[in-house]
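Please open the model in your viewer and keep the sequence panel at hand.

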Amino acid sequence: MLPGSFVERKRACGRPNCHCADGKNLHSQFQVSVLVEGKPKTFNIPAKLVSKVRQQVEMRHRFDAAAATICGINLRRFLKDKENR
Ligand SMILES: [Zn+2]
């Protein structure tokens, strides 16, 4: 898992002959945006790591969703048990 959010930014590289120079076919830069020691940080993701990092960030979201579901079930169980004493 990886913390934070997966972000896609569109940008022009600045080379006048590049396909991005028309301002429409921009480059994609993928980034992971994460709190490091309480401060927001953004890190560029190298192209070869994009799909791996995307999956790792997604895994964290699934993990959090599963934890929230379990906590909800356990809270209902706790409240039910409490009534039956
Ligand atoms: Zn370009």
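Two strands are said to pair if DSSP finds at least two bridges between them. Strands themselves (E, at least two residues) and helices (H or I, at least four residues) are DSSP runs, numbered from the N terminus. This is a predicted model, in which local features need pLDDT of at least 70 and side-chain atom pairs count only at pLDDT 80 or more, whereas totals for chains, interfaces and linings use all residues. Residues are numbered from 1 along each chain as its sequence is written.

**The whole chain**

Begin with everything selected. The secondary structure comes to one helix and three strands, and from the N terminus on the elements run β-β-β-α. Along its principal axes the C-alpha trace spans about 75 × 25 × 20 Å. The radius of gyration, taken over C-alpha atoms, is 21 Å; a compact globule of 85 residues would have a value near 12 Å, by a rule of 2.2 Å times the number of residues to the power 0.38.

How many of the 85 residues count as buried? The share is 2%. Here a residue is buried if 20 or more other C-beta atoms lie within 10 Å of its own, exposed if 12 or fewer, and partly exposed in between, with C-beta atoms placed from the backbone. Of the contacts with a separation of 6 or more, 43% join residues 24 or more positions apart.

Next, select the three strands, which form an open sheet in the order 1-2-3 with antiparallel pairing. Strand 1 and strand 3 (39–44) are the edge strands, each pairing on one side only. From one strand to the next the twist averages 35 degrees.

Colour strand 1 (residues 5–11) and strand 2 (residues 27–36). Seven bridges join this antiparallel pair. Within it, E8 stands opposite F30 of strand 2, and R11 has H27 of strand 2 as its bridge partner.

Now move to strand 2 and strand 3, an antiparallel pair held over six bridges.

- Q31 stands opposite N44 in strand 3.
- S33 has T42 in strand 3 as its bridge partner.
- V36 has K39 in strand 3 as its bridge partner.

Strand 3 lies largely in the open, because the number buried among its six residues is zero.

**S33**

Centre the view on S33, in strand 2. S33 counts as partly exposed because it has 14 C-beta neighbours inside 10 Å. Which residues does S33 contact, leaving aside its neighbours within four places in sequence? They are G4, S5, V7, P40 and T42.

Select E37, in the loop between strand 2 and strand 3. The hairpin of these two strands has two residues between them. Phi of E37 is near 50 degrees, a positive value in a residue other than glycine. Is E37 buried or exposed? E37 is exposed, with 5 other C-beta atoms within 10 Å.

Helix 1 is hardly covered: one of its 34 residues is buried.

A last stop is K52, in helix 1. K52 is exposed, with 11 other C-beta atoms within 10 Å. From K52 to G38 the separation is 14 residues in sequence and 25 Å in space, C-alpha to C-alpha.

How values were computed:
Axes are lines fitted to C-alpha atoms, for helices over the stretch in contact, and angles run from 0 to 180 degrees between N-to-C directions. Two residues are in contact if their C-beta atoms, placed from the backbone, lie within 7 Å.
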